[in-house]
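We will go stop by stop.

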Amino acid sequence: MTPPLRVSVLISCFNYGRYIEETVASVLAQERPVDQVIVIDDGSTDDTPAYTEKAKALDPRVMVERTENRGQLAAMIRGIELANADVVCFMDADDLYKPGHTRSFAEAFERHPQVDYVYGDYEQFGDRTGVRRSFQAGRDHDHGRTALLAKYGLRTYGGVASTTAARRELLLPLLEMPDAWLSDWKVAADLAMNYFVSLAGGRKLYRFGDTVRYRVHGGNDHLAQAKLADSNWRMRRLRASRWVEQVSGLVCPGDALLGFIDREAKTIPRLSGVEYRNLVKTVARSPLSTYTQAMMLASLTGQRLKSMLGRRAVPDG
């Protein structure tokens, strides 16, 4: 009998100590107990160390490490290094897990052993309310492998940090990343992680359902980002483009790979409209010959039509 997956929850924290005890408590209260809770205090300059000590006292599974301030992605990578589990669930220090979160995600990994990364939806609370869907499928959705789409189309699928989890084995190459590569990701490191998983050949699964409570407040810059959408979008694209160029040279090398994007698309059991449009745009903008583009687009269109017909024939369950 296959032993149950071991699960670590990695919480990155910078000056959010006032939330950390409640956050850790929500992890410890999970219906499916976790094996390890790792809190990385990324060189906080407030009273976070005192709060993290209180969180550590809640349960022997909780460990706390204080590092110099290097940013969110560096904190995530240090947590991956310390994790002793099969699956790492990521979490921001100001968010909360609903009781069924780790059960839902662990079941997804166990039922789909080919899947390397799972992400889902969240319910906002605080300065904003309402459920946010990370992918408009209305059901679980297997994205297949998306390395070439990320490399050549700068497209990826994933959620905010607290709604994501990955097999630790896939993440190990991150431990070898040069420090200079991490400086772009002081914040918004979930975007970098989403791209990395794609480029590393990870298979992604969207898990329908809001199992996370995402705290919206002035301190996490959520509302300010909405006001600066255009400038932030440009900066995110710049950082993402640089990160993809750096990472793909290590884990997804070879410019000739673009010619296989239609084959990669076939790893998606049911090609959605969003995925189809992203693939078509990538092929259309590629330097491939007109003939090759036409053959790929015909193949993708056939796959999309087959998915649409299959969806009509099989009721959503």
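At what angle do the axes of helix α1 and helix α2 cross? Select residues 17-28 for α1 and residues 48-56 for α2 in this predicted model. Their axes cross at roughly 15° and come within 8 Å. Angles under 35 degrees count as roughly parallel. That is why α1 is called roughly parallel to α2. The crossing of α1 past α2 is right-handed.

Now show side chains at this contact. From α1, pick G17, R18, I20, E21 and V24. From α2, pick T48, Y51, T52, K54 and A55. Colour the contact residues of α1 and α2 by type: four are nonpolar, three polar and three charged.

**Around α1**

Step back to N15, in the loop between β1 (7-13) and α1. Check the backbone there: phi of N15 is near 60°, a positive value in a residue other than glycine. Most residues other than glycine have a negative phi.

Next, select L28, which also belongs to helix α1. Which residues does L28 touch, leaving aside its neighbours within four places in sequence? The contacts are V37, L58, D59, R61 and V62. Then draw a distance from the C-alpha atom of L28 to that of R263. The two are 235 residues apart along the chain, and the separation is 42 Å.

**The α3 and α7 pair**

Select residues 72-82 for α3 and residues 189-199 for α7. Here the axes lie 8 Å apart, and the helices pack at an angle of about 55°. α3 and α7 are therefore oblique to each other. α3 passes α7 in a right-handed crossing.

Show the contact residues. On α3 they are Q72, L73, M76 and I80. On α7 they are A189, D190, A192 and M193. By type, the contact of α3 with α7 has six nonpolar residues, one polar and one charged.

How many of the residues of α7 are buried? The count is 11 of 11, so α7 is mostly covered. Among the buried residues are L191, N194, Y195 and F196. V197, S198 and L199 of α7 are buried too. Just after α7, click G201: its phi is positive, at about 85°.

**Helix α4**

Select residues 101-111 for α4. Which residues of α4 are buried? They are H101, T102, S104, F105, A106, A108 and F109.

**After α5**

Move to L154, in the loop between α5 (147-153) and β9. Its phi is near 55°, again a positive value in a residue other than glycine. Is L154 buried or exposed? L154 counts as buried because its relative accessibility is 15%, with the cut-off set at under 20%.

**Last stop: confidence**

Colour the chain by pLDDT. The average is 92, and 93% of the residues score at least 70. Then select residues 312-317, where the pLDDT is below 50. Beyond near neighbours in sequence, this stretch has five contacts in the model. Where pLDDT is low, the predicted coordinates should not be read in detail.

Technical notes
Residues numbered from 1 in each chain as written. Predicted model: local features only at pLDDT ≥ 70, side-chain atom pairs only at ≥ 80, totals over all residues. Heavy atoms only, no water. Axes fitted to C-alpha atoms, helices over the stretch in contact; angles between N-to-C directions. Helix = DSSP H or I, 4+ residues; strand = E, 2+ residues; numbered from the N terminus. Parallel < 35°, antiparallel > 145°, perpendicular 65-115°, else oblique. Left-handed = near helix turned anticlockwise from the far one by under 90°. Contact = heavy atoms within 4.5 Å. Nonpolar A, V, L, I, M, F, W, Y, C, P; charged D, E, K, R; others polar. pLDDT = per-residue confidence, 0-100. Buried < 20%, exposed > 50% of the residue type's maximum accessible area, 1.4 Å probe, protein only.
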